[in-house]
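Biologist: I'd like a close look at one part of this model, please. Walk me through how the pieces sit together there.

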Amino acid sequence: MTAAIGFKDTDRKTSELLEDILHSIRGEHITLRDLLTMMGESGLLLLCAFLSLPFLFPVSIPGVSTVFGAGIVLISAAITLNRLPWLPEKVADRRLESGRLRPVLQRGVTFLRRIDRFFKPRFASVTTGAVMNRINGLALMGAGLLLMAPLGLIPFSNTLPGVAILLLAAGISQRDGLVVLAGHAMVALTIVYFTALAFLAYSAGQSFNIFG
């Protein structure tokens with residue numbers, strides 16, 4: 001698709017909008033295509049925020065980080081290019097169990113409801129304009145890629161990029177530049193954390209070679 005997209009300002013809180021989507025989930029399975037259909041093109045940012053919710057807590061649901069991470073990357077690429085997203089069938093139609101996913105999403109919405117009151121329009125220069133739209137979209141894409149890293153068993157490896165995605169998506173949709181900047185900081189923190197893990201793994205490998 002090549003049509004341009006636009007993000008509509010809303011007076012409703014992010015948690016309320018995401019809770020509406022959560023209550024719309026029906027049936028035993030849900031796909032990314034189903035969620036995108038529920039939200040529509042103007043809800044791309046909210047969809048990214050929604051997809052980050054399962055990773056705010058150390059809960060492992062097989063296949064979720066890969067599917068949701070890939071979805072966030074492709075959607076954020078569309079946001080960066082100001083185009084509607086294209087999703088490969090393998091990602092869009094991967095079936096996930098609603099029964100296991102729904103309670104995790106509900107916990108995320110409950111957490112978001114607690115912090116939603118801190119969101120308000122400020123630092124408009126961070127959330128408006130074509131240049132910032134691309135910068136924020138690239139940061140969102142980077143966080144999605146970090147979420148897809150095969151490190152699910154390592155503490156905080158999904159939580160840190162998940163929080164970054166939530167802050168970026170919710171901050172942009174609510175025109176809160178301070179929250180968006182916090183999202184950028186979380187992306188940077190995630191990169192530092194992953195770099196430290198890589199360094200520790202490399203050091204451990206070197207020690208094993210020396211003493212093995």
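Biologist: Is the crossing of helix 7 and helix 8 left-handed or right-handed?

Modeller: Left-handed is what comes out for helix 7 and helix 8, meaning the near helix is turned anticlockwise from the far one by less than a right angle (clockwise would be right-handed). Bear in mind that this is a predicted model, where local features need pLDDT of at least 70 and side-chain atom pairs pLDDT 80 or more, while totals for chains, interfaces and linings use all residues. Residues are numbered from 1 along each chain as its sequence is written, and side-chain values use heavy atoms, leaving out hydrogens and water.

Back to the pair: the axes lie 9 Å apart, at about 155°. The two helices are therefore roughly antiparallel, a label for angles over 145 degrees. Those axes are lines fitted to C-alpha atoms over the stretch in contact, with angles running from 0 to 180 degrees between N-to-C directions.

Contact here is heavy atoms within 4.5 Å.

Now zoom in on Asn-136, part of helix 7 (residues 130–148). Asn-136 counts as buried because its relative accessibility is 3%, and the cut-off is under 20% with a 1.4 Å probe, protein chains only. A polar atom of the Asn-136 side chain lies 2.9 Å from the backbone oxygen of Val-126. Beyond residues up to four places away in sequence, Asn-136 touches Val-126, Thr-127, Ile-172, Val-180 and His-184.

Technical notes: Helices (H or I, at least four residues) and strands (E, at least two) are DSSP runs, numbered from the N terminus. Buried means under 20% relative accessible area, exposed over 50%, partly exposed in between (1.4 Å probe, protein chains only). A polar contact is a pair of N or O atoms within 3.5 Å; within protein, one must be able to donate a hydrogen and the other to accept it, and residues adjacent in sequence count only if both atoms are side-chain atoms. Angles under 35 degrees count as roughly parallel, over 145 as roughly antiparallel, 65 to 115 as roughly perpendicular and the rest as oblique.
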